[in-house]
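Open the model in your viewer and keep the selection panel at hand. Each stop below names what to select, then says what is there.

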Amino acid sequence: YFLDSANGSHQLKGGIEYLKLEPTVGNVYNPAGYYWVEDGVPWQRRYYLDWESATPNEDEYWSVFVQDAWRIGKLTLNLGLRAESFKAFTNVGEEVVSFDFGDQLAPRLGFAYDLNGDSLRGSIGRFYDLPNDYIGSTLSSTTNRRQRWTWNASCAYDPATPVQSYPDACWDFDYDNPVGQSGYAIDPDLKPIYLDEFTFGYDKLLSDQFAASASFVWREQKRSIEDVDPEWDQTYLWTNG
């Protein structure tokens, strides 16, 4: 939409974006398990049992935006606002993450000033990112399990003997955790990922066919989402980092 007025000219835009993401996430593990030996002594063994090769889940993203390129003489102001929503679902349709439009408001402000062919320009804005698509998968209903055993030193270890041949009596059982809704959890205060950006630049017109420019860009990611295991017991928490 275009508008001319005594206060300058406007070029108004608006839009809607929708994404339906259907990631299928899976892992393949050695059914014989994994063994760790440190400093010539066994340490741990881990088994991944009843593992489903892949788990389908669904993520849903919406965004709406409005922006105005407002030109006042040699000055152009770019004023915009974007709002986004995101929802993550498990393989049975349970909603496990929900960020509403009010949680993800992203202002975008910029300017450009014409210096008789040369120009100064700058912008400041906030940008949100989609969370990891593993979140819905790790909270899905599956048969996946993981076991951990720790070497208890009750057996004499001979490096010439394969470590996987030692019996269960040589190991202490630590846990047998299901991977899925009881193996992962969501931080109730989980917040969306975003970064802030500031730019400033100068464009120099060298001729009617050539120009040179210099730009400064500063970005800082203020928040991320990671899975952490605070107790080191294979019970993970999706939280902000």
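A patch here is built from residues with over 30% relative accessible area and no salt bridge, and nonpolar side chains join one when they lie within 5 Å. Keep that in mind for the first stop. The model is predicted.

**Stop 1: the nonpolar patch**

Select Leu79, Leu109, Ile124, Phe198, Phe200, Phe216 and Trp218. Together they make a nonpolar surface patch of about 650 Å². Now color strands β15 (193–205) and β16 (211–223). Each supplies at least two residues of the patch.

Zoom in on tryptophan 218. This residue sits in strand β16. Tryptophan 218 has a relative accessible area of 39%, so it counts as partly exposed.

**Stop 2: glutamate 197**

Stay on strand β15 and pick glutamate 197, which is found there. Is glutamate 197 buried or exposed? Its relative accessibility is 14%, so it counts as buried.

**Stop 3: confidence**

Color the chain by pLDDT. The mean is 92, and 99% of the residues reach 70 or more.

**Stop 4: the salt bridges**

Side chains of opposite charge can pair when their charged atoms come close. How many salt bridges does the structure hold? The count is 15.

Select arginine 145 and aspartate 50. Their side chains form a salt bridge, with 2.8 Å from N to O. This pair links distant parts of the chain, 95 residues apart. Arginine 145 is in strand β12 (residues 145–151), while aspartate 50 is in the loop between β5 (41–49) and β6 (55–56). Switch to a surface view. Arginine 145 is partly exposed, at 24% relative accessibility. Aspartate 50 is also partly exposed, at 48%.

Next, select aspartate 100 and lysine 87. They form a salt bridge whose closest N and O atoms are 3.7 Å apart. Lysine 87 belongs to strand β8 (residues 75–89), and aspartate 100 to the loop between β9 (95–99) and β10 (105–115), so the bridge ties together parts 13 residues apart in sequence. Aspartate 100 is partly exposed, with a relative accessible area of 42%. Lysine 87 is partly exposed too, with 22%.

Select arginine 148 and aspartate 174. A salt bridge joins their side chains, at 3.1 Å from N to O. Arginine 148 is in strand β12 and aspartate 174 in strand β13 (residues 171–178), so parts that are 26 residues apart in sequence are tied together. Which of these two partners is buried? Arginine 148 is buried, with a relative accessible area of 10%. Aspartate 174 is partly exposed, with 31%.

Finish this stop with Glu17, Arg82 and Glu84. Salt bridges link these residues in a network.

**Stop 5: the disulfide**

The structure holds 1 disulfide. It joins cysteine 155 to cysteine 170, with 1.9 Å from S to S. Both cysteines lie in the loop between β12 and β13, so the bond ties together parts that are 15 residues apart in sequence.

Which hand does the disulfide have? The torsion about the S-S bond is about -90 degrees, so the disulfide is left-handed. Now compare cover at the two ends. Cysteine 155 is partly exposed, at 21% relative accessibility. Cysteine 170 is buried, with a relative accessible area of 1%.

**Stop 6: glutamine 44**

Last, select glutamine 44 in strand β5. Its relative accessibility is 4%, so glutamine 44 counts as buried. What separation does that line span? The C-alpha atoms are 4.5 Å apart, although the residues are 106 apart along the chain.

Methods:
Residues numbered from 1 in each chain as written. Predicted model: local features only at pLDDT ≥ 70, side-chain atom pairs only at ≥ 80, totals over all residues. Heavy atoms only, no water. Salt bridge = Lys/Arg side-chain N within 4 Å of Asp/Glu carboxyl O. Helix = DSSP H or I, 4+ residues; strand = E, 2+ residues; numbered from the N terminus. Buried < 20%, exposed > 50% of the residue type's maximum accessible area, 1.4 Å probe, protein only. pLDDT = per-residue confidence, 0-100. Disulfide = S-S within 2.5 Å. Patch = residues over 30% accessible without salt bridge, like charges linked within 9 Å, V, L, I, M, F, W, Y side chains within 5 Å. Areas by Shrake-Rupley, 256 points an atom, 1.4 Å probe, with all protein chains shown as cover.
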